[in-house]
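Colleague: Hi! Could you walk me through this one? I'm still learning how to read structures.

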Amino acid sequence: MNFEIKDWKSLVNLGIIIVVAIAVMVLLIFINRKCFKRLKEKHKNLHLQLLEKVINILIVIIVGLLAFSAMGGTRSVWQTLLGGTAVLSAVAAFAAQDVIKDMLAGLMISIYKPFDIGDRIELEDGTAGVVKKMSMRHVVINTIDTIKEVIPNSRLNIMQLKNYSYRAPYRSANFRFPVAYTTDVEQAKAVIAAAVAQSAYSVPYLTNEAGEKEYQPVYFMDFADSALIMSVTVYYQNTVPTEKVKDDINSRVKKALDESGIEIPYAYMNVVTK
């Protein structure tokens, strides 16, 4: 009878320890998440996201070890419940191979930092978008149409990639606009420059002698078969998708040229029938 009471007491003690350990674990992870949320609002970078996950894992490990050490008085019950620990450990280690691989790859990415949060990248398989989030296991990329690609760190770590925002606050795109041969070149330059400056995406990039920021000038670049080619380079924030910038600039320039009476030439054919 005493043996049964002792076993029941051990089970109760075990339950209390588990409940307390889980409560402490949840509380510490909640505090950690709140602290990092404030940090990430001010500084969005890869290291903070990875460090938050690492600390969460350390909290789980440390609280778990403390809970196991507190179970010394319930050792007999614990050994009964987990008599197959060796088998479970072997199965868990085999199942965790991919997890460990992703975690190590995430650590390598964080150390060498081929990209950061907010960078626009393109992978060798054609996936392209803005890096939004990184965890211990994967990276989240926002692609066109707000589709989110979730890519394991181990896969991403071995792929070649293009970083269009690498250590630079701005990206650039070159635009070429054809105008008719009868166009006043200086007028065309002024109209295009004004349209670019009115865009919400374009930013002044050049610094003049007075230390003021200016937009890139519009250049008369070439004589085409049926048009004069005007060219301008537009700079914009590296987090903005290129397709948005091109759509906005092209739409504004087309509208501005039309309103100014500047013809945009195009190929056409006259068919004469007898």
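Modeller: Happy to! One term to begin with: a contact means heavy atoms within 4.5 Å. Helices (H or I, at least four residues) and strands (E, at least two) are DSSP runs, numbered from the N terminus. This is a predicted model, where local features need pLDDT of at least 70, side-chain atom pairs count only at pLDDT 80 or more, and totals for chains, interfaces and linings use all residues. Residues are numbered from 1 along each chain as its sequence is written, and side-chain values use heavy atoms, leaving out hydrogens and water.

Colleague: Which residues of α8 are buried?

Modeller: Thr242, Val245, Asp248, Ile249, Val253, Ala256 and Leu257. Buried means under 20% relative accessible area, exposed over 50%, and partly exposed in between (1.4 Å probe, protein chains only).

Colleague: Why are they on the same side of α8?

Modeller: Because they cover an arc of only 150 degrees around the axis, taking the directions from the helix axis to the C-beta atoms. On the other side of α8, Asp247, Lys255 and Glu259 are exposed.

Colleague: And what covers the buried residues of α8?

Modeller: The cover includes strands β1 (120-123), β6 (170-179) and β10 (228-237), along with helix α7 (185-198).

Colleague: New topic: which element has the lowest mean pLDDT?

Modeller: Helix α3 (residues 75-81), at 50, while α7 has the highest, 96. pLDDT is the predictor's confidence in each residue, from 0 to 100.

Colleague: How many helices and strands are in the chain?

Modeller: The protein chain has 8 helices and 10 strands.
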